[in-house]
Amino acid sequence: VQLQASGGGLVQAGGSLRLSCAASGRTFSSYVLGWFRQAPGKEREFVAVISWSGGTTYYLDSVKGRFTISRDNAKNTVYLQMNSLKQEDTAVYYCAATKVISSSRLEYDYWGQGTQVTVSS
């Protein structure tokens, strides 16, 4: 599976962005998809994950109620809708694919290239 993330940019605090991650490969619908982020000087952290069917999702506590992960298996794409953005959300965001629902980056086999999200005050 090859992943291509897009949709990042510069936004003011309180604003919104929608990230997309397009995948190649006919087995996209069998993969669990996750979003991670990495801020400068920090480790890569889990943000959200969605099951292959889209019926199960989990989030980092600090983004609950503000971020929504979704997927469209017909388009081989996973999304991350980010609302009420805060400066602390500034990071490079990565999409990733795995066969198990997990918040551990060690469980993910495939990674996209990352897209920068910068939230200004």
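The points below review the fold, strand pairing, disulfide, cores and loop geometry of this predicted model.

1. Overall fold. The secondary structure consists of 11 strands and zero helices. Followed along the sequence, the pattern is accordingly β-β-β-β-β-β-β-β-β-β-β. Among contacts between residues at least 6 apart in sequence, 56% join residues at least 24 apart.

2. Dimensions. Along the principal axes, the C-alpha atoms of the protein occupy a box of roughly 40 × 25 × 25 Å. A compact globule of 121 residues would have a radius of gyration near 14 Å, and the protein has 13 Å, so the value agrees with that expectation.

3. Surface and burial. Of the 121 residues in the protein, 43% are buried. The exposed surface comes to about 6200 Å², of which carbon and sulfur atoms supply 46%.

4. Strand S1. This strand covers residues 2-6, and its side chains alternate between two faces.

5. Pairing of S1 with S3. Strand S3 spans residues 17-24 and runs antiparallel to S1, with five bridges joining the two.

6. The disulfide. The structure holds one disulfide. Its partners are Cys21 and Cys95, with sulfur atoms 2.0 Å apart. The pair links distant parts of the chain, since Cys21 belongs to strand S3 and Cys95 to strand S9 (residues 91-98), 74 residues apart. In general terms, a disulfide is a covalent bond between the sulfur atoms of two cysteines. The torsion about the S-S bond of Cys21 and Cys95 is about 60°, and the disulfide is therefore right-handed. Both Cys21 and Cys95 are buried.

7. The largest core. In soluble globular proteins, nonpolar side chains tend to be buried together. Here the largest nonpolar core has 29 residues, and Trp35, Leu80, Met82 and Tyr93 have the most contacts inside it. The elements that give two or more residues to this core are S1, S3, S4 (32-38), S5 (45-50), S7 (67-72), S8 (77-82), S9 and S11 (115-120).

8. The second core. A separate core of six residues is also present, and its members include Val32, Phe36, Phe46 and Tyr108.

9. Surroundings of Met82. Met82 is among the residues with the most contacts inside the largest core. Leaving aside residues up to four places away in sequence, Met82 touches Gly15, Ser16, Leu17, Leu19, Arg66, Phe67, Tyr93 and Val117. Tyr93, one of these neighbours, is likewise listed with the residues that have the most contacts inside the core.

10. Asn76. Asn76 lies in the loop between S7 and S8.

11. Ser84. Phi of Ser84 is near 50°, again a positive value in a residue other than glycine. Ser84 is located in the loop between S8 and S9. The relative accessible area of Ser84 is 41%, so this residue is partly exposed.

Definitions and conventions
Residues numbered from 1 in each chain as written. Predicted model: local features only at pLDDT ≥ 70, side-chain atom pairs only at ≥ 80, totals over all residues. Heavy atoms only, no water. Buried < 20%, exposed > 50% of the residue type's maximum accessible area, 1.4 Å probe, protein only. Helix = DSSP H or I, 4+ residues; strand = E, 2+ residues; numbered from the N terminus. Pairing = 2+ DSSP bridges. Disulfide = S-S within 2.5 Å. Core = buried A, V, L, I, M, F, W, Y, C linked by side-chain atoms within 4.5 Å. Contact = heavy atoms within 4.5 Å. Rg over C-alpha atoms; globule rule 2.2 N^0.38 Å. Areas by Shrake-Rupley, 256 points an atom, 1.4 Å probe, with all protein chains shown as cover.
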